[in-house]
Structures are given as structure tokens and as C-alpha cells.
Amino acid sequence: MPSAVALLFVSKSRYPIAIGSAPVGANITITGGHSKEVFSSVALVSVTLKSGAGYFAKASYQIKLSKPGLDDKTMKLEADLSGWYFGNLLFGSLIGLLIVDPTTGAMHRISDEEM
């Protein structure tokens, strides 16, 4: 019989984001940290993005929509701290608080928004 029981709550570290354009058919380019392109396609699309960018670092993205003859539009999408991260304190999980969630990016979330 084990002398201790550990609770593990698994948070996700990748989030689906829907991106559309008006007029239809704009090119979408998503860049992440260090201006590295992480995705490119034509709108309407759903893409899955990571919420973490390294140990304790939240992900930040630039989403650019462009179409010949129209002005380009750039939007910023940034992960924020997940409320579930503090569940580690509530349940006494130092491993989740200091290692698992900060390393995997599960301490951050990307809100469910349609672009």
C-alpha cells in the first residue's frame, strides 16, 4: 500500500484558434518568438498554437492577414496565466508548480477567441 498519493491534473499546452477574413481568401502568416514563422495559409483556417515559449515563458504571436489590393492587418495574440496553475498550490504539487507546468507551457492558456 503506498504511503502517499499524488494528484496530477493535466492542463493542455496547445490551443485551437480559428482565423477568418473578410473579404474571404486573405493570406495568413503567424509568427512566434524571435519573428519565426510558425504557420502560413489562406483564411478560413483553424490552427493549434502552443501556449508556452520556454520555462515560465508565455507564448506571443503576431497574426498578419494580407490580400493584394487591400491594407495588411496585424494582430497580436498572447497567452496568459491559467487559473488552473494555482491548483498546484491548492493540492500541494510542487512538482507541477515548479517543473511540469512551467516546462510544458501548461501554466499558460490561449483564450478561446475567433480571429
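Q: Why is Asp80 called partly exposed?
A: Asp80 has a relative accessible area of 30%, and the label covers values between buried (under 20%) and exposed (over 50%), taken with a 1.4 Å probe and protein chains only, so Asp80 counts as partly exposed. This is a predicted model, in which local features need pLDDT of at least 70 and side-chain atom pairs count only at pLDDT 80 or more, while totals for chains, interfaces and linings use all residues. Residues are numbered from 1 along each chain as its sequence is written, and side-chain values use heavy atoms, with hydrogens and water left out.

Q: What makes the pair of Asp80 and Arg109 a salt bridge?
A: The term requires a side-chain nitrogen of Lys or Arg within 4 Å of a carboxyl oxygen of Asp or Glu, and the side chains of Asp80 and Arg109 meet at 3.5 Å, N to O. The pair links distant parts of the chain, with Asp80 in strand β9 and Arg109 in strand β10 (residues 108-109), 29 residues apart; strands here are DSSP runs of E with at least two residues, and helices are runs of H or I with at least four, both numbered from the N terminus. At 32% relative accessibility, Arg109 is partly exposed.

Q: Why is Ser82 called buried, and which residues does Ser82 touch?
A: The relative accessible area of Ser82 is 5%, so Ser82 falls in the buried class. Ser82 is placed in the loop between β9 (80-81) and α1 (87-90), and, with contact meaning heavy atoms within 4.5 Å, Ser82 touches Ala106, Met107, His108 and Arg109, not counting residues up to four places away in sequence.

Q: What makes the set of 18 residues a nonpolar core?
A: Such a core is a set of buried Ala, Val, Leu, Ile, Met, Phe, Trp, Tyr and Cys residues joined through side-chain atoms within 4.5 Å, and the largest one has 18 residues, with Ile19, Ile28, Ile30, Leu49 and Ile110 having the most contacts inside it. The elements giving two or more residues to this core are β1 (14-19), β2 (27-31), β4 (45-50), β7 (60-66) and β8 (73-78). In β2, Ile28 and Ile30 form the covered face, while Asn27, Thr29 and Thr31 form the uncovered one.

Q: How do you know that β2 pairs with β3 and with β7?
A: Pairing needs at least two bridges found by DSSP between the strands. Five bridges join β2 to β3 (residues 37-42), and five join β2 to β7, with the strands running antiparallel in the former case and in the latter. The bridge partner of Ile30 in β3 is Phe39, and Ile28 stands opposite Leu65 in β7.
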